Amino acid sequence: MKYRKLRDIEVSAVGLGCMGFSHGYGAIPTEDESIRLIHKSYDLGCTLFDTAEAYGPFVNEELVGKAVKPFRDKIILTTKFVPVFQEGQEIPEGKLSKKGVTNALNDSLKRLQTDYIDIYYEHRVPLDSRVEDVAEWMSEFIKEGKIRAWGQSQSTVEQIKKAHAVCPISAIQSEYSMMERKFERDVIPLCKELNIGFVAFSPMAGGFLSGKYNKNTEYKGDDVRRVITRFNPENVEKNQPLLDLLHTVADKKGITPAQISLAWMLHKNDFVVPIPGMRKDERVVENLGSADVVLTDEEFNNIETELNKITIYGNRTDEDIHKLGTVHAIETGK
Ligand SMILES: NC(=O)c1ccc[n+]([C@@H]2O[C@H](COP(=O)([O-])OP(=O)(O)OC[C@H]3O[C@@H](n4cnc5c(N)ncnc54)[C@H](OP(=O)(O)O)[C@@H]3O)[C@@H](O)[C@H]2O)c1
């Protein structure tokens with residue numbers, strides 16, 4: 001495993017996204033199996049574990065808290081609050097208020113069985129919200145020792161700049177993969193300029209980039225792939241040129257398409273850290289193993305040149321996922 005920095009917080013170059021153990025990808029493993037996979041990731045050098053109050057809601061934090069307890073002080077634990085009420089959180093001030101977020105943080109600490117969170121994210125940053133207020137609250141939580149650092153998810157350049165000026169942000173966690181590169185235009189360069197880490201969620205584009213799914217694959221239950229357009233059978237077919245590129249490069253290097261897709265983003269920026277979701281032993285080994293893949297500049301440039309020629313069809317939007325009834329779509333401008 002290799003390590004890199006999210007501002008001044010050191011993390012493994014590839015982290016573990018824990019959402020799928022309770023939420024978002026259909027049938028879930030048993031608690032014992034989930035804990036075993038989290039421990040396996042840690043044993044392989046993974047030190048970044050991501051969860052959120054919204055996953056479940058709440059039960060994912062309970063699971064992750066229980067799983068990481070034996071090595072809590074050796075890892076970076078990240079969680080998030082959403083700006084809208086979850087079950088039982090109603091207070092007159094509203095969720096996006098000092099009291100609303102303080103309550104949410106205290107509850108996350110309890111569920112995670114810890115007295116501090118390493119990076120606390122605002123899960124969505126509504127366009128009509130005052131980011132400076134949230135930054136102010138975060139600065140107080142840092143002083144109180146409840147969080148070490150904070151971040152935003154799917155925020156805009158303007159929101160990052162305004163909030164960072166009040167309380168420096170350590171990480172932006174937003175969607176980034178070979179299939180979703182919109183943040184390369186503005187947010188990622190801004191992160192570089194301001195020394196903010198960028199944590200890439202859905203780095204495997206929901207598994208597509210592994211090349212192990214096809215247009216006939218069926219998704220059930222709360223699996224977001226039932227509703228996101230990237231997984232329309234028609235788009236799966238139209239996106240084959242990307243898989244062809246990945247297979248060609250992977251075959252030449254004797255590794256897998258999944259590993260090439262993660263190695264590509266690791267090579268491109270040293271402050272980017274992908275957090276794939278993985279619920280099988282071989283995926284844990286494969287994805288964490290991508291941290292050790294070395295691409296030469298020539299290999300990277302060839303991938304980049306070919307990637308730039310490929311049109312990507314479909315995407316993953318909150319509005320589409322909202323149709324499953326498991327998350328709220330919040331107007332964020334991204
Ligand atoms: N901030 C946000 O708004 C936000 C949104 C979404 C996610 N997240 C965070 O980001 C994490 C990752 O997102 P994600 O789960 O969408 O990431 P992802 O890794 O792009 O997609 C996960 C899916 O891809 C499959 N997969 C991953 N690696 C694979 C491989 N090597 N071979 C075959 N299939 C593979 C997984 O399979 P199995 O699980 O079946 O093994 C799972 O179905 C989440 O767990 C969560 O912590 C944050």
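My entries below go from the ligand to the sheet and then to a pair of helices.

Ground rules. I am looking at a predicted model, where local features need pLDDT of at least 70, side-chain atom pairs count only at pLDDT 80 or more, and totals for chains, interfaces and linings use all residues. I number residues from 1 along each chain as its sequence is written.

Ligand. I looked up what surrounds the ligand and got 29 residues, the closest being Gly-17, Met-19, Gly-207, Ser-210 and Gly-277. A residue is near if its C-beta atom, placed from the backbone, lies within 6 Å. I sorted this shell into eleven nonpolar, twelve polar and six charged residues. For that, Ala, Val, Leu, Ile, Met, Phe, Trp, Tyr, Cys and Pro count as nonpolar, Asp, Glu, Lys and Arg as charged, and the others, Gly among them, as polar. Helix α10 (residues 281–289) gives the most to the shell, with three residues. Helices here are DSSP runs of H or I with at least four residues, strands are runs of E with at least two, and both are numbered from the N terminus.

Sheet. I found an open sheet of eight strands, ordered β3-β4-β5-β6-β7-β8-β9-β10, with parallel pairing. Strands pair if DSSP finds at least two bridges between them. β3 (16–17) and β10 (272–274) each have a single partner strand, so one side of each lacks a neighbour in the sheet.

Helices. I checked what α1 (residues 31–43) meets in α2 (residues 59–68): Leu-63, Lys-66, Ala-67 and Val-68. Contact means C-beta atoms, placed from the backbone, within 7 Å.

Definitions and conventions: Axes fitted to C-alpha atoms, helices over the stretch in contact; angles between N-to-C directions. Contact = placed C-beta atoms within 7 Å.
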